[in-house]
Amino acid sequence: MASNSSAAVSPDTLCIDQPDDWHLHFRDGDMLAMTVPATARVFKRAIVMPNLAPPVTTVAQAEAYRQRILANVPAGTDFEPLMALYLTQDTTAQDVREAANNPNIIGYKLYPAGATTNSSAGVRAVDAMGPVFEAMEELGVPLLVHGEVTEPEIDIFDREKVFIDRYLAPITERYGRLKVVLEHITTKDAVDFVADAHDLVAATLTPQHILMNRNDLLVGGVHVHNYCLPVLKRRSHQEALQQAAISGNAKFFLGTDSAPHVQAKKETACGCAGCFSAFTAIELYAEAFSQLGALDKLEGFASHFGADFYGRPRNTQKINLQRVGWQAPETVSHGGETWVPYWAGKQLQWQVVG
């Protein structure tokens, strides 16, 4: 799939079609008044992850959650939340059929039980999900995958590759008409798998996994605000992700995995996993693509490939970025709580204007 880029790129300005975020976390309750505007300021659409407590497992729950999100979209802002449902061991083919009949439901999210935040209700036996995968394949409902095994004896840096070999490769081979998105990929193994798989397999890439590697998490102490799951990997994997992002291959597209956790819960002996990137998301991608000398590739990655994969129209509105040095916020406060966003206090060279 070609991107047919309409981007206007100069040394100091960048005008692209409005982007979409194909993977993020808004959380719920009062926090929506902060998280929703942060994303809606730039993105036209976003796939909202369902790992609330309790998780969003039904169409009715997703519709109620969607209305809570829409109530926090700033006036005059055109923003569309697309809802993912939480796949459990008890999900049925009839549940899939109901999801397929609702235009606001984008797919099912597979969390292996215990893999990340609020995943205890996730899938315990992937091999037993055949009837559900068959229904999803038949009805055109995408499967969105957190691709890690969770056995404690498996090294945390190997869990993505083991999941691909053990589960994802067989799923994509057996269900050849099932759309599958391997979310927030972190390894060269994942890049190679997606690139070589059939055309209905794609992947999202986050800003933190493109901009950082495990040195940024561990050297000089544990940098808790760079801690996410899947965890940052070695530099060679980071470089593979960078090349995938700028390749122009339409299988790879933007998904921030922006995941807010209050400062008090991140900065503990057992800090929460997640990078809260919403306040600087597109600027972070522009930073990365600029460093790689590939700003002309940003529009396809951010604005076209995800829409094409999900069968949604490309956005026609534009956003403008300008090369101007500025500092990402040190903290964000709301309702008496404080968050430390990803890239806090660091310099960025691109900023949305207008």
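A residue counts as buried when its relative accessible area is under 20%, as exposed when it is over 50%, and as partly exposed in between, using a 1.4 Å probe and protein chains only. Please keep in mind that this is a predicted model, where local features need pLDDT of at least 70, side-chain atom pairs count only at pLDDT 80 or more, and totals for chains, interfaces and linings use all residues. Residues are numbered from 1 along each chain as its sequence is written, and side-chain values use heavy atoms, leaving out hydrogens and water. Helices (H or I, at least four residues) and strands (E, at least two) are DSSP runs numbered from the N terminus.

**Helix H6 and its buried face**

- Ala190, Val191, Phe193 and Val194 are the residues to look for in H6, where they are buried.
- Seen down the axis of H6, the buried residues fall within an arc of 165°, so they line one face of the helix; the arc is that of the directions from the helix axis to the C-beta atoms.
- The cover over these buried residues includes H5, strand E8 (180-182), strand E9 (201-205), helix H9 (235-245) and strand E10 (252-254).

**How H5 and H6 pack**

- Helix H5 (residues 159-174) and helix H6 (residues 188-196) have axes that come within 10 Å and cross at roughly 15°; the axes are lines fitted to C-alpha atoms, for helices over the stretch in contact, and angles run from 0 to 180 degrees between N-to-C directions.
- That makes H5 roughly parallel to H6 (angles under 35 degrees count as roughly parallel, over 145 as roughly antiparallel, 65 to 115 as roughly perpendicular and the rest as oblique).
- On the H5 side, the contact is made by Glu160, Lys161, Ile164, Leu168, Ala169 and Thr172, and on the H6 side by Asp189, Ala190 and Phe193; contact means heavy atoms within 4.5 Å.

**Two cis peptide bonds**

- Ala53 and Pro54 are joined by a cis peptide bond, with omega about 0°, and Pro54 is found in the loop between strand E4 (45-48) and helix H2 (59-70).
- Leu229 and Pro230 are also joined by a cis peptide bond, with omega about -5°; Pro230 lies in the loop between helix H8 (215-218) and H9.

- Trp343, in the loop between strand E13 (337-339) and strand E14 (347-353), has a positive phi near 75° and counts as buried at 12% relative accessibility.
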